[in-house]
Amino acid sequence: MTHTVHVAPYIGVMVALYALMQFIFAPVLGALSDNLGRRPVLLISLAGAAINYVIMAFAPQLWMLVLGRAIAGLTSANMSVATAYITDISLETTRARRFGLSGAMFGIGFIIGPVLGGWLGDYGLRLPFLVAAALNAGNLLLALFVLPDSRLRPASRIPTRAGIDLSAFNPLRPLGRALAIEGLLPIVVAFFILSAAGDSYGTCWALWGFDAFGWNGLWIGLSLGAFGICQTGVQALLPGPAARLLGERGALMTGLAAGVIALIVMAFARAGWMVFAIMPVFALTGIGTPALMSLATRQVSPARQGELQGVLASVVSLASIVAPLGFSTLYFTIEKPWPGFIWLSVAVLYALAMPLVLWGVRRAAQAPA
């Protein structure tokens, strides 16, 4: 679609646009779910996603693909609603484990999705979009016929004259309201740092795999699938025990340290097998995020959990707007002499963020509930 071999800047723009739409609409969907219920908002967004991917599959020009990517970002902002649903049905003592299980579902998707997408992409670049449309349609049917409402009590919802807090439709205002809550600012800063670093993978992994090892679509998909296997095991089994044994702060720092080690190995890797060998260590980064999310949920009342999750999702998306543009520009600059340098830069970012994250989580843990 771009008619050029230098696609890194285009990928950065596409990823950033997707995140921009999430940033704008995650608080909106989260606030709507607080007032209208989680299930209706999920159903509408899933239907929109299925239709959008069909349109993207048949897009004849680049601008239509860009528009479709923007709409995909809008519909994927429903993760704030799904996370709030988990909060509604979970006790405080089980939230970290259930957030970990939710992450494990992403891991399972990361096993199947990239392998399938890479394999299909080698036969037809539009085939993955059609399969994505079918999967979203299946998800819509699953939510329609199987998923009950979370039974959020109407009395616990935020009272407003019109029944809906229209101020929450401004993506910046909920941020200001949430950051005014004592102890929440360090949590939000931690989410921003980890998300900015994490977005380097979605932006540069395929480019790096092709430039460093000559991987085709299938091998790129297999590498992501292998990471998904490791990630699923870690997030399904370890967040709860890690939080109990190390504490939530200790689990987060252990995950960051594992990420630094793995990224350094990847930066200097000269053969593809080295990437697969380090993936179990790399996947350990997943033990910290559920603990951080559990800390965040303690800082607000049950009636504002949807708003909180929308704010956290928008913070993640805000980081995802800036990071892909920066990482894609950096990769475009260094892809010829040293493609792996991109991972060294992420490792440095993790290392520099450790003291700030450590301070932030300590402040959150000491703040009153």
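Is T83 buried or exposed? T83 is buried, because its relative accessible area is 10%, and buried means under 20%, exposed over 50%, partly exposed in between, with a 1.4 Å probe and protein chains only. T83 lies in helix α4, residues 79-89. T83 touches F99, M293 and Q309, leaving aside residues up to four places away in sequence. Contact here means heavy atoms within 4.5 Å.

Some ground rules. This is a predicted model: local features need pLDDT of at least 70, side-chain atom pairs count only at pLDDT 80 or more, and totals for chains, interfaces and linings use all residues. Residues are numbered from 1 along each chain as its sequence is written, and side-chain values use heavy atoms, with hydrogens and water left out.

Now the whole chain. It has 14 helices and 0 strands. Both are DSSP runs, numbered from the N terminus: helices are H or I with at least four residues, strands are E with at least two. Of the 369 residues, 51% are buried. Take the contacts with a separation of 6 or more: 84% of them join residues 24 or more positions apart. The chain exposes about 16900 Å², and carbon and sulfur atoms supply 72% of that. Accessible areas come from the Shrake-Rupley method with a 1.4 Å probe; for residues, only the protein chains shown count as cover.

Next, the inside. A nonpolar core is a set of buried Ala, Val, Leu, Ile, Met, Phe, Trp, Tyr and Cys residues joined through side-chain atoms within 4.5 Å. The largest one has 58 residues, and W205, W343 and Y350 touch the most other members. Several helices give two or more residues to this core, including α8 (185-213), α13 (305-334) and α14 (341-366). Helix α8 gives the most, with 13 residues. What does W205 touch, not counting residues up to four places away in sequence? Its contacts include W215, M266, F282 and W343.

On to the rings. A pair of aromatic rings is described by the distance of the centres and the angle of the planes. Rings of Phe, Tyr and Trp (its six-membered ring) pair if their centres lie within 6.5 Å; planes under 30 degrees apart count as stacked, over 60 as edge-to-face and the rest as tilted. By this rule there are 14 aromatic pairs. Look at W119 and Y123: the centres are 5.7 Å apart and the planes at 70°, so the pair is edge-to-face. W119 and Y123 are 4 residues apart in helix α5, so about one helical turn separates them. W119 is partly exposed at 42%, and Y123 is exposed at 65%.

Now W208 and W343. Their ring centres are 5.4 Å apart and their planes at 90°, so this pair is edge-to-face. The pair links distant parts of the chain: W208 sits in helix α8, W343 in helix α14, 135 residues apart. W208 is buried at 1%, and W343 is buried at 0%. Both belong to one aromatic cluster, and among its other members are Y201, W205 and F282.

Last, the surface. V54, F58, W119, Y123, L127 and L130 make a nonpolar surface patch of about 630 Å². Patches are made of residues with over 30% relative accessible area and no salt bridge; like charges are joined within 9 Å, nonpolar side chains (Val, Leu, Ile, Met, Phe, Trp, Tyr) within 5 Å. A salt bridge is a side-chain nitrogen of Lys or Arg within 4 Å of a carboxyl oxygen of Asp or Glu. Helices α5 (92-123) and α6 (127-145) give two or more residues to the patch. L127 is found in α6 and is partly exposed at 34%.
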